[in-house]
Amino acid sequence: MENVQTAVVEELQQVAELRGLSLPSVSPRQHLIDDLGLKSLDLAHLVAALERRLRVDPFIKHVPITQIRTLGDLCAAYTCALAEQE
Amino acid sequence: MNAGQVALVSGGSRGLGAALVQALLAAGWRVATFSRQSTPSIERCGEQHAGSFDWQPLDAADFDALRGWVAHVRDRWDRIDALVNNSAVSREGRLTLQSTDDIHTLLAVNLESVIHLSRAAAQTMLNQRHGAIVNISSVNALRGHTGVAVYSATKAALDGLTRSLARELGPSGIRVNSVAPGYFASALTAGMPEEQRKQIVRRTPLGRLAEAEDIAGVVRFLLSDEARFVTGQTLVVDGGLTC
């Protein structure tokens, strides 16, 4: 199984690059909006990319997107969703 | 030509859905559709367009199955360029006499299934930064008629969904429009009394009911590059009935 944090960070960097955002380093405690500068559309792109890569969408049934504040929250949501799938 | 582009059409087994499927296949699209049962139209498409046509048996009210269907098409053809939300049911009757089952079915098939299909297809389109969605609405969304209150509500809701989704997805290169057909010969109008049919024709400036191909042509336009600057709109195709 692919490492969730690796997948999330790589897709995040792709989304940031397309938007012209600079992300020199990321950590799980960073807020997606306040610290990393993501907008809701960026989050939609990120979730779509992760759905394609990890074959799971935690926000269909498991977790309200409004509970996701930090990069760590996002990684945890995917980890839980993948664990439930197995 | 749209060689290689992939269109999903819900409810493509008969009537307008079948016409939409055939029109898009003829225009070079790869087309995936579903219905509860196969039909002669589905079988002909499978024979004549093997490799470019995919049909699955599905119930539009099974939202998990709908999400699975979208994933199946994406996995088979690696892209989704268009979604046509055509699948619909009609349960005519005055509201005060309508059963809760009928109300639930109308909302589930005509509105909720559209929302779930659009959510699923839009995720693939977001990855592509490209796509087009067409929702099949109705003149009943624009004008009131006795006996179709809940049906009208579901179709008016599609137009609202169209406008907001167009705003939401436009920045990602995805266009969303709806087509509001007037009355045309279909399973949904099969029970219409002849006098009512004649009255509609008299009130239509172009002097006839629509044919499925009239609607399919407009949908094909909205999915094409010729409509590249059209989004958030409801195109009424009714021979002038509501003008």
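A: Start with the word contact: two residues are in contact if their C-beta atoms, placed from the backbone, lie within 7 Å. Keep in mind that this is a predicted model.

Q: Leaving aside neighbours within four places in sequence, which residues is A7(B) in contact with?

A: A7(B) touches L24(B), W29(B), V31(B), D81(B), A82(B), V84(B) and L223(B), once neighbours within four places in sequence are set aside.

Q: How many residues does the largest nonpolar core have?

A: That core has 88 residues. A7(B) and V84(B) are among those with the most contacts inside it, and so is Y78(A). Helix 4 of chain B, residues 100-128, gives the largest share of this core, 10 residues.

Q: How do I describe two packed helices?

A: Two packed helices are described by the angle between their axes and the distance between the axes. Take helix 3 (residues 63-77) and helix 4 of chain B: their axes come within 9 Å and cross at roughly 30 degrees. Angles under 35 degrees count as roughly parallel, so helix 3 and helix 4 of chain B are roughly parallel to each other. The crossing of helix 3 of chain B past helix 4 of chain B is right-handed.

Q: Which residues of helix 3 of chain B meet helix 4 of chain B?

A: From helix 3 of chain B come F63(B), L66(B), R67(B), V70(B) and R74(B). Their partners in helix 4 of chain B include E112(B), H116(B), L117(B) and A121(B). The residues of this contact divide into six nonpolar, three polar and three charged.

Q: How many residues does each chain bring to the contact between chain A and chain B?

A: Chain A brings seven residues and chain B brings five residues. On the side of chain A that touches chain B, four are nonpolar, one is polar and two are charged.

Methods
Residues are numbered from 1 along each chain as its sequence is written. Chains are lettered from A and ligands numbered from 1 in the order in which they are written. This is a predicted model: local features need pLDDT of at least 70, side-chain atom pairs count only at pLDDT 80 or more; totals for chains, interfaces and linings use all residues. Ala, Val, Leu, Ile, Met, Phe, Trp, Tyr, Cys and Pro count as nonpolar, Asp, Glu, Lys and Arg as charged, and the others, Gly among them, as polar. A nonpolar core is a set of buried Ala, Val, Leu, Ile, Met, Phe, Trp, Tyr and Cys residues joined through C-beta atoms within 7 Å. A residue is buried if 20 or more other C-beta atoms lie within 10 Å of its own, exposed if 12 or fewer, and partly exposed in between; C-beta atoms are placed from the backbone. Helices (H or I, at least four residues) and strands (E, at least two) are DSSP runs, numbered from the N terminus. Axes are lines fitted to C-alpha atoms, for helices over the stretch in contact, and angles run from 0 to 180 degrees between N-to-C directions. Angles under 35 degrees count as roughly parallel, over 145 as roughly antiparallel, 65 to 115 as roughly perpendicular and the rest as oblique. A crossing is left-handed if the near helix is turned anticlockwise from the far one by less than a right angle, and right-handed if clockwise.
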